[in-house]
Amino acid sequence: MSLSREQMRTLFTNLVRANHYDAMMYSRVLRGELIAFYHPAEGAIAPGVAACSFLNADDNLSPHHRGHGIAHMLSKGIDIKYYLAEHTGKESGCCGGRSAFHFSFPDHKVYMMSGYIGYNFPVSVGWGWAAKRRNQRQVVMNCSGDGSYGQGRAHEALLMAQNMTLPIIFFCENNGMAIHSRAEDMHPTQDISSLAQGYGMPAVVVDGQDVFAVAEVALAAIDRARDGKGATFVECKTLRFKEHDVGTPDLSGWARRSDEEMAEIHKREPVTLATERMLADGVMTQAEIDSVHEAAAAEVEEAERFADSSEIARPSRDELLAGVFAP
Ligand SMILES: Cc1ncc(C[n+]2csc(CCOP(=O)(O)OP(=O)(O)O)c2C)c(N)n1
Ligand SMILES: [Mg+2]
């Protein structure tokens, strides 16, 4: 499947937007202008953009926690200003400023960003089953990192999804690390997607730095799920340019990642790679590319203005307890 020029423009624009949002989130958390923490997505924004740029509004999405799912959500058409307001504790946020990172966007079929790695596997099976039973041509985009595939529930989900022919895309954003642990020390095979073979599920490995390559694979998996042919495992080999989360030292085991390694991975910056391709294929001129960046910067500024000028959330005690279940 090859992408149309229009699809390439959409992907490039979303990639640039995601990059601008990520830079803003990173600098805001350093300035103490975000509630809680931030997991920088620099270097790893292409998979989320590719996975979600061609989803339908009623497709179900569980975004990856890296970059707090911003690349995924904006690509699905969600206005990120409501998420930024959430992350700054404002009444206008998507959950009324109550959740910061652990948000939902039910109107956009994004249910939960849990603090529990791999929380989404059983939930995705449930959504996939519901879509199938109702005979809806709806898919479930289940995004997560390499680390989450150490969870037992990941295996249960793969088994059930394959056995029940559920419309799920297991979209693994493998950056080779889980906090300080290397994927090669945590998993017995080089490709996480080889797990899928054990369950008879088709699996594809793709260069996660190339937004266009990932999108081709994602689109095929989405079409397959929508046509009732079942789940696909997509593994994107991506890179983590920064620390796991802001404030946690960037270690591999007990040692800092070396300057040589960092220099090497920075050569594969996804916006730079996509820019080269856009120019080489004549899909956009440099002037058009510049205006994509300008528009993205203006969008991010507007989101910040919206969040900063919104009312601080001040829930009453009763309101806070109303949503709490205690047996
Ligand atoms: C069940 C569970 N165990 C451990 C953690 C702590 N934790 C938070 S993020 C993370 C690493 C996740 O790695 P990966 O899934 O590869 O995503 P990445 O952060 O590398 O993008 C861990 C272990 C957690 N949140 N939940
Ligand atoms: Mg990882």
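A crossing of two helices is left-handed if the near helix is turned anticlockwise from the far one by less than a right angle, and right-handed if clockwise. Keep that in mind for the views below, which come from a predicted model.

**View 1. Helices α1 and α11 cross in a left-handed way.** The axes of α1 and α11 come within 10 Å and cross at roughly 150°. Angles over 145 degrees count as roughly antiparallel, and α1 and α11 are therefore roughly antiparallel to each other. On the α1 side, the contact is made by M8, F12, L15, V16 and N19; on the α11 side, look for P270, V271, A274 and M278. Sorted by class, the residues of this contact of α1 with α11 are eight nonpolar, one polar and no charged.

**View 2. Helix α11 has a buried side and an exposed face.** Which residues of α11 (residues 270-280) are buried? They are P270, V271, A274 and M278. The face turned away from the buried side of α11 carries the exposed residues T272, E276 and A280. What covers the buried residues of α11 includes α1 (5-30), α2 (46-52), α9 (211-226) and α12 (286-309). After α11 comes G282, with a positive phi near 65°.

**View 3. Helices α1 and α12 cross in a right-handed way.** Here the axes of α1 and α12 are 9 Å apart, and the helices pack at an angle of about 45°. α1 and α12 are therefore oblique to each other. From α1, the contact includes F12, V16 and Y21; from α12, the residues include V292, A296 and V300. By class, the contact of α1 with α12 has eight nonpolar, three polar and three charged residues.

**View 4. N135 and I179 have a positive phi without being glycines.** Most residues other than glycine have a negative phi. Where does N135 lie? Find N135 in the loop between α5 (120-133) and β2 (140-145); its phi is about 60°. N135 is exposed, with 8 other C-beta atoms within 10 Å. Now turn to I179, in the loop between β4 (177-178) and β5 (181-182), where the phi of I179 is near 55°. Is I179 buried or exposed? I179 is exposed, with 11 other C-beta atoms within 10 Å.

Key. Residues numbered from 1 in each chain as written. Chains lettered and ligands numbered in written order. Predicted model: local features only at pLDDT ≥ 70, side-chain atom pairs only at ≥ 80, totals over all residues. Buried ≥ 20, exposed ≤ 12 C-beta atoms within 10 Å, placed from the backbone. Helix = DSSP H or I, 4+ residues; strand = E, 2+ residues; numbered from the N terminus. Contact = placed C-beta atoms within 7 Å. Axes fitted to C-alpha atoms, helices over the stretch in contact; angles between N-to-C directions. Parallel < 35°, antiparallel > 145°, perpendicular 65-115°, else oblique. Nonpolar A, V, L, I, M, F, W, Y, C, P; charged D, E, K, R; others polar.
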